[in-house]
Amino acid sequence: MGMTEQTAVNAIRILSADMIEKAKSGHPGLPLGAAPIAYELWANHMVHNPKNPDWMNRDRFILSAGHGSAMLYSLLHLFGYGSLSVEELKHFRQLGSLTPGHPEYRHTAGVEATTGPLGAGLGMAVGMAMAEKHLAAKFNRKGYPVFDHYTYAICGDGCLMEGISSEVMSLAGTLGLGKLIVLYDSNSITIEGSTDLAFQEDVCRRFEAFGFQVLKVEDGTDLAAIGRAIEEAKADKSRPSFIQIQTRIGYGVPAKEGKSCVHGEPLGEENVKGLRENLEWPLSEGFAVPEEVYAHYQKIAENGGKIEKAWNEMFEAYADAYPELKEELDRYYDEKATEAIFADEEYWKCEGKPDATRNISGRILNAVQDKLPNLIGGSADLGPSNKTVMNGAGEFSGETPEGRNIHFGVRELGMTAVANGILLHGGLRAYAATFFVFVDYMKPMLRLSSLMEIPMISVLSHDSIGVGEDGPTHEPVEQLTMLRSMPNMHVFRPADEMETRAAWCSALTSARTPTCLVVSRQGVPVLEGSSREALRGGYVLVREKKAEPDVILMASGSEVGIAAEAAELLEEEGIAVRVVSMPCMDIFEEQDEEYRESVLPINVKKRAAIEAGSSVCWGKYVGLEGIYITMDQFGASAPAKQLFEKYGFSAKNVTDKVKKMIS
C-alpha cells in the first residue's frame, strides 16, 4: 500500500472522527474500523461516477449499518459527490444539513437508500440485485451489456442479528443473485459489549447454508487481501457472496479500540488528538485533508467518468441496433407511463356484479399488467389467495429472471424491504402482498417506503372480521389506524369495483407516496353512486333528500354498503341522511378546505363512523356529538356473516344507533 493510499484511508477516519466530535454525537467505531473496506471497494472495484450519481448502470452501494454514516459522508465528500462540502461535514447531525445522523435517500447525493434500522439495507440490496438481474434478462443482447452492475452492502453484527437478515439472505441464495456482494464488518462488539453475550452462532456456516460463496479476510487493514476477496466474489456469477472481514472497532484510538464504548459515542478531544498522532496524520487542524489526497480521489472519480462514457457509447450503438428495445426501456423509466392507462375510458368500465374486492383487484391487476411491462411483484406465499398473480407473466427465479411474479416465501418483513430495493434501483414498479393482519410484519419497511418517498404498492387482503373462521389472530382491528397514522402513506380501502379501480389508479400514478390497497375476502355489493370521485379520498355517495342532511354516515370498504342500506331505512322515517364513502382518509386530507367542507359540512354535527376496525382515526370526522360503530375489541372465530351481526355491522343496528343519537 502506497503512502497516498494509506493517507486516503486515514482521511476517511479523520474526517469521520472530526464530524462526530464537532457534533458531540455519532458512531465513530465503525468508520475507524471499516474505513479500509470502504476505501478498497470504492477506489479499486466499484464502478461509479461521482459526476453522475444517477447513472443507470452504476454499481450500487448500501451501508446497511447506517449508524456508520460519517464514513459514507466522508467517502462522498472525498470523491466529490453533489454539493457535499467540508461545511456540510461540519454540520453533521445538525438541522437542515446534508449529513443527517443516518443516511437518507433523496437527501444526499450518492446515498442509494435510507438505512438505520439494522438489516433493512441488506433487504434493499437484495431488491436492487433482483432488479439488475431482471432488467439484464429483458434488455441485454450479445455485445450490449446494458445492465451489468454489482450491488454491494456493508453490514455489521447488528444487521445479522436482526431477523430480516435471515429472510432476505435466504431469498438471495435461493435466487442465485451472483452480483450481490455482502461485506461483513466483523468486530465482535455491540452497544452492550461483546457479541458473545447474545450472538454465538457460526455466521459463515449460516451463509453457506443460505447458498452463498463465503470468503474470509483475517486482517481488516490489509487492502490487498480485501481486494482479492472482492474480485473472487465478483468472479462467482452463480452465487451471491459473503465476505467476513475481521476489523478492530475504533481502530487507532488506544483508549477505545475494541471496546463497546466506541460504538456510539464521540471519542473526546484528547482521543481525536491521539488518533491523529497514531495514524501519523500530517495536519493538526480539524477537517483538513492534504491536497494530494483530494487529487488522488479525483483521479479515481475521473476514471469512473471514463467508464460511464464508454457505456454511453455502447448504449448509443444498442439504440441503433435495437430501436424497439430502446423505446421500451425509455417507457420503463418514464414516471408518467401509467397515465395513459387511466385516461382510457375502457379502464373505468365496471362489470356491475357483487364480488370481493380482492377478486376485483386481481382482475384489474391482470388487465393492466400488459400495458405496464415493468410492473413486478408478488406475495408472501399467498398469491392465489390475495389475487396478486399476473397470469402468463412468468416466475422470477435464478433460471428465469425475466419472470415478473416473485415468490417471496413467508417473509413479510424481508419482502417489503426487497420491494423497496427494486423501486430504488429504478426502471421497475413493484408491489408486495399478504393478509392485512400481517402488515404488522411489514410496518418497519413500509415506514421506510414513506420516508424515502417511493411509490411502493402493498396489496393487503382479508381486511377485517370478514376473515371469519380463521379467528382473531387473522382479523385485523387496529391495522388501519396504524397505517393511517404514518406520514406520506395512502391507505385505500375500496367499497366496490369503481373504488377499487380508483385505488389502483391512485397507486400506479403516485410518484412519491406509497399506497396500501386494503381489500376484502367477503363479497361487497355494487354501489349506486360510487364514482371516480373516490380518487379524492372521500366523497358523497348518497345525497340527502332535503336541503340539508340531519345526519352523515361515514364508512369505508365493506361497511359502505351497510351505511347505504341504513340510509334508506332512515329516509323512510323522514330522517335526511348523507352517506360519505371514505376509501382513503389520507388523500381526503390532501384536498382543499372547500372540497372537504362540501363533503362534510361543519354545521352537520350528527355523524356516525361505520368501519370494522378501530375507532381511533375517526375522531376528527365524528366530532363531539357523533357516534362510532367500529371494532374496538378483538374478533372471534365464526362465519363472517355471524360476526358482522354480532359486532353490530348491520343496517338495522346502524339505524337504531342513529335514531338514538338524534332523538
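One term before we click: a contact, or touch, means heavy atoms within 4.5 Å. Bear in mind that this is a predicted model, where local features need pLDDT of at least 70, side-chain atom pairs count only at pLDDT 80 or more, and totals for chains, interfaces and linings use all residues. Residues are numbered from 1 along each chain as its sequence is written, and side-chain values use heavy atoms, with hydrogens and water left out.

**Stop one: Leu375**

Select Leu375, which sits in strand β9 (residues 375-379). Strands (E, at least two residues) and helices (H or I, at least four) are DSSP runs, numbered from the N terminus. Leu375 is buried, at a relative accessible area of 1%; buried means under 20%, exposed over 50%, and partly exposed in between, with a 1.4 Å probe and protein chains only. Which residues does Leu375 touch, leaving aside those up to four places away in sequence? Show Leu365, Met390, Arg404, Arg429, Tyr431 and Leu508. Then draw a C-alpha to C-alpha distance from Leu375 to Glu345: 21 Å in space, for 30 residues in sequence.

**Stop two: the parallel sheet**

Next, colour the open sheet of 5 strands ordered β1-β2-β3-β7-β6, where the pairing is parallel. Two strands pair if DSSP finds at least two bridges between them. At the edges, pairing on one side only, are β1 (60-63) and β6 (213-217). β6 and β7 run parallel, joined by 5 bridges; pick Lys216 and you'll find its bridge partner, Gln244, in β7.

Stay in β7 (residues 241-246) and click Ser241. Ser241 is buried, with 0% relative accessibility. Its contacts, not counting residues up to four places away in sequence, include Leu180, Val182 and Phe212.

**Stop three: the mixed sheet**

Now go to the other open sheet of 5 strands, β17-β19-β18-β20-β21, which has mixed pairing. Its edge strands are β17 (539-542) and β21 (627-629). The twist averages 30 degrees from one strand to the next. Helix α25 (residues 651-662) packs on this sheet, touching β18, β20 and β21, and its direction makes about 170 degrees with that of β21. Angles run from 0 to 180 degrees between N-to-C directions, using lines fitted to C-alpha atoms (for helices, over the stretch in contact).

Zoom in on β18 (residues 551-555) and β20 (residues 607-610), a parallel pair with 4 bridges. Leu553 has Ala608 in β20 as its bridge partner.

**Last stop: helix α5**

Finally, select α5: 18 of its 20 residues are buried, so the helix is largely enclosed by the rest of the structure.
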